[in-house]
Amino acid sequence: MLGIDARAARYTWTAAFVLLLLWIVYLMRATLFVFIVALLFGYLLSPLVDVIDRFLPGKRTRTSALAIAYLIFIAALVIGITQIGSRAVEEANSLAKSMPAKLAGFEKPNASLPAPVNAFKAQIVQKVEDQLNKNSGDIISSLPRAGARILSVAGNLVYLVIIPILGFFFLKDGGEMRQRFLEMIDDPRQRSTVDDLLADVDLLLAHYMRAILTLSLATFTSYSIFFTILQVPYSILLAALAAMLEFIPLIGPVSAAAIIVIVTAVSGGPVVGALIFLGVYRVFQDYVLSPVLMRAGTEVHPLLVLFGVYAGTELAGIPGAFLSVPVLALIRIVYKRIRQQRLAAGLIHASPAERA
C-alpha cells in the first residue's frame with residue numbers, strides 16, 4: 001500500500017544488521033583478539049594433549065591429560081626463557097650500548113669502496129639514527145605518564161594468565177561447544193553444511209598454528225646455528241628476532257632480513273655470508289618447507305596476503321597483521337562451502353575447471 005517492496009526491505013534490514021554486527025565486532029576487537037589467541041593456543045597444545053590422553057590408562061576425562069600438557073608447556077617455557085631469553089637480553093643490552101660507536105665507525109668513508117657505496121652507507125646510518133632519536137624522544141616525553149601506564153601494563157600482564165585459562169576450557173569443552181551449536185540448527189541440510197564448515201575451519205586453524213610454530217622454530221634453529229658458524233655478531237638475538245617476526249606473513253621475514261643485514265654490517269660481521277644464507281634459507285622455506293606445512297586449506301595468493309597484512313595492520317596493528325592469513329583462508333573456506341551448496345542445489349552452474 002505504501003509502495004514499499006517487502007523483498008527490498010528485507011534485504012535492507014539484513015544489510016543493516018550485518019553492518020551493525022561488524023561495527024560491534026570492531027568495537028570488541030581487543031576482547032575478541034584475546035579469545036582468538038586463547039583458541040589458537042589451544043590448537044597448539046591439542047596434539048600434545050591427544051598424545052598424553054592416549055597413554056593414560058582407564059576411563060577418564062581429558063582433564064588429567066590437560067594438566068600434564070600444561071605442566072610440560074610451562075617447563076619448556078621456563079627452560080627457553082632461562083637458556084635462550086637471558087642470552088638474547090644480554091646481547092640486546094650489549095648492542096644498545098655499542099650502537100652509537102658502531103654507527104660512527106660504519107659511517108666513515110672507506111677509500112677502497114666506490115663513492116656511491118659510501119653515500120649509501122651514510123644514508124643507512126642517518127635513517128637508523130633518526131629512528132633511534134625518535135624512539136628516545138618518545139620515551140623521554142612519555143616519562144611523566146609512566147605512573148598512569150603502569151596500570152595498563154599490569155592489565156596486559158593479566159592476559160598471560162587469562163589466555164591459558166581460556167585455552168584450557170577450549171581444549172576441555174571444545175567438542176561439546178561444537179555439538180551444542182549444531183543442535184541449534186533445525187534444518188538437517190544446513191546442519192550438515194555448518195558441520196562440514198566447522199570441520200574445515202578446525203583443520204585450517206590446527207594446521208596453520210602448527211605450521212607457523214614449526215616455521216618459527218626452524219627459523220630460530222637454522223639462524224642461530226649458521227650465524228654462530230659464520231660468527232655473525234649477536235647471533236642468538238638476531239635468530240630470536242627472526243623467529244618472532246615469522247608470525248607476521250611476508251613483511252615479518254623481510255623486516256628481519258633487513259635488520260640482520262644492517263646489524264651485521266654495522267658490527268663488522270660477514271655481510272656477504274649472511275646475505276647468501278638468508279637468500280638460500282628463504283628459497284628453501286618458501287618453496288620447500290612452507291608448501292609442505294601450509295598444505296591444508298591455507299593456500300592464499302601472495303597478493304591477497306599482502307593486502308591482508310596491510311589492511312590488518314591498519315585496522316588492528318600487529319594483531320591484525322598476525323590474523324590476516326587465517327582470516328583470508330577462513331573467508332576462502334566459507335566461500336567454497338557456500339558455492340558447493342549452491343552447486344548441489346542447482347542454483348549455479350559449475351565452471352569448466354570444476355567440471356573437469
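**Reading the terms**

Analyst: Met177 is found in helix α5, residues 146-183, where a helix is a DSSP run of H or I with at least four residues, numbered from the N terminus. This is a predicted model, in which local features need pLDDT of at least 70 and side-chain atom pairs count only at pLDDT 80 or more, while totals for chains, interfaces and linings use all residues. Residues are numbered from 1 along each chain as its sequence is written, and side-chain values use heavy atoms, with hydrogens and water left out.

User: Why is Met177 called partly exposed?

Analyst: Buried means under 20% relative accessible area, exposed means over 50%, and partly exposed lies in between, with a 1.4 Å probe and protein chains only. Met177 has 43% relative accessibility, so it counts as partly exposed.

User: What makes Glu91 buried?

Analyst: Glu91, whose place is in helix α3, has a relative accessible area of 9%, and therefore counts as buried. Its side chain reaches the backbone nitrogen of Ile236 at 3.3 Å, which can be set against the limit for a polar contact, a pair of N or O atoms within 3.5 Å; within protein, one must be able to donate a hydrogen and the other to accept it, and residues adjacent in sequence count only if both atoms are side-chain atoms.

User: How do you know that α7 is largely enclosed by the rest of the structure?

Analyst: Nine of the 11 residues of α7 are buried, and so this helix is described as largely enclosed. Among the buried residues are Ser235, Ile236, Leu237 and Leu238; Glu91 is in contact (heavy atoms within 4.5 Å) with Ser235, Ile236 and Leu237, as well as with Tyr234, leaving aside neighbours within four places in sequence.

User: Why is α2 called roughly perpendicular to α6?

Analyst: The axes of α2 (residues 29-55) and α6 (residues 188-230) come within 9 Å and cross at roughly 80°. Because angles of 65 to 115 degrees count as roughly perpendicular, under 35 as roughly parallel, over 145 as roughly antiparallel and the rest as oblique, α2 is roughly perpendicular to α6. The residues making this contact include Leu39 and Tyr43 of α2 and Leu205 and Met209 of α6.

User: Which residues have the most contacts inside the largest nonpolar core?

Analyst: They are Tyr223, Phe227, Leu238 and Ile260, in a core of 43 residues, where a nonpolar core is a set of buried Ala, Val, Leu, Ile, Met, Phe, Trp, Tyr and Cys residues joined through side-chain atoms within 4.5 Å. The helix that gives the most to this core is α6, with 11 residues.

Conventions
Axes are lines fitted to C-alpha atoms, for helices over the stretch in contact, and angles run from 0 to 180 degrees between N-to-C directions. Helices (H or I, at least four residues) and strands (E, at least two) are DSSP runs, numbered from the N terminus.
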